[in-house]
Amino acid sequence: QVHLVESGGGLVQAGGSLRLSCVASGSIFSINTMGWHRQAPGKQRELVATITSSGSTNYADSVKGRFTISRDNARDTVYLQMNSLKAEDTAVYYCNFDNSPSSVFGRYWGQGTQVTVSS
């Protein structure tokens, strides 16, 4: 089992910035992927960004150039720096953790943190 605790959400004006953090604990393998998804009201959960334990990153097209994902492997923590926020970024943001391969070991989710961008 892996337990995830997120922090850093809140209310911000359009054009502003927020940084989300997620700390993982439990059965953490050395090869893993951490990331962020989000879910807006009435919409499906969607990928925001992921980062592997070796540092490879992947971003949704909608956040490229504005969001940056990073991690501290020593602290089993993943960060999401969100700049130039837009109203459409408003959503509940969920941290995810995959021990590799996730098809075998599954995916874990955090409880979610609300990000609200006012226009």
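**Close-up views of a predicted model**

**View 1. Arg38 and Glu46 form a salt bridge through their side chains, with N and O 2.7 Å apart.** A salt bridge is a side-chain nitrogen of Lys or Arg within 4 Å of a carboxyl oxygen of Asp or Glu. The structure is a predicted model, in which local features need pLDDT of at least 70 and side-chain atom pairs count only at pLDDT 80 or more, whereas totals for chains, interfaces and linings use all residues. Residues are numbered from 1 along each chain as its sequence is written, and side-chain values use heavy atoms, with hydrogens and water left out. Arg38 is buried, at a relative accessible area of 6%, while Glu46 is partly exposed, at 37%. These classes are defined by relative accessible area: buried is under 20%, exposed is over 50%, and partly exposed lies in between (1.4 Å probe, protein chains only).

**View 2. A second salt bridge of Arg38 is made with Asp89, where the closest N and O atoms are 2.9 Å apart.** This pair links distant parts of the chain, 51 residues apart: Asp89 is in the loop between β8 and β9, and Arg38 is in strand β4. Helices (H or I, at least four residues) and strands (E, at least two) are DSSP runs, numbered from the N terminus. Asp89 and Arg38 are both buried. A network of salt bridges links Arg38, Asp89, Glu46 and Arg66. The whole structure contains six salt bridges; one of them joins Lys64 to Asp61, with the closest N and O atoms 3.1 Å apart. Asp61 is exposed, with a relative accessible area of 65%.

**View 3. Gln44 lies in the loop between β4 and β5.** The residue is exposed, with a relative accessible area of 71%. When residues up to four places away in sequence are not counted, Gln44 touches Arg38 and Gln39; contact requires heavy atoms within 4.5 Å. The C-alpha atoms of Gln44 and Gly65 are 23 Å apart in space, for a separation of 21 residues in sequence.

**View 4. Strand β1 (residues 2-7) has side chains that alternate between two faces.** In a regular strand, side chains alternate between the two faces of the sheet. β1 runs antiparallel to strand β3 (residues 18-26), to which six bridges join it. Strands are taken as paired if DSSP finds at least two bridges between them. Val23 in β3 is the bridge partner of Val5.

**View 5. The largest nonpolar core comprises 29 residues.** A nonpolar core is a set of buried Ala, Val, Leu, Ile, Met, Phe, Trp, Tyr and Cys residues joined through side-chain atoms within 4.5 Å. Trp36, Leu80, Met82 and Tyr93 have the most contacts inside this core. Two or more core residues come from each of β1, β3, β4, β5 (46-52), β7 (67-72), β8 (77-82), β9 (91-99) and β11 (113-118). Apart from neighbours within four places in sequence, Met82 is in contact with residues including Leu18, Leu20, Phe67, Tyr93 and Val115.

**View 6. A nonpolar surface patch is formed by Phe29, Val104 and Phe105.** Together these residues have about 270 Å² of accessible area, computed by the Shrake-Rupley method with a 1.4 Å probe; for residues, only the protein chains shown count as cover. Patches consist of residues with over 30% relative accessible area and no salt bridge, where like charges are joined within 9 Å and nonpolar side chains (Val, Leu, Ile, Met, Phe, Trp, Tyr) within 5 Å. Phe29 is in the loop between β3 and β4 (32-39). Its relative accessibility of 33% makes Phe29 partly exposed.

**View 7. Ser100 and Pro101 are joined by a cis peptide bond, with omega about -10°.** Pro101 is in the loop between β9 and α1 (102-105). Two residues in other loops have a positive phi. Asp76, which is not a glycine, has phi near 50° and lies in the loop between β7 and β8. Asp76 is partly exposed, at 25% relative accessibility. Ser84, also not a glycine, has a phi of about 50° and lies in the loop between β8 and β9. Ser84 is partly exposed, at 42% relative accessibility.

**View 8. Gly112 is placed in the loop between β10 (107-109) and β11.** Gly112 is buried, with a relative accessible area of 18%. With residues up to four places away in sequence not counted, Gly112 touches Glu6, Val92, Tyr93 and Tyr94. Gly112 and Ser25 are 87 residues apart in sequence, with 16 Å between their C-alpha atoms.
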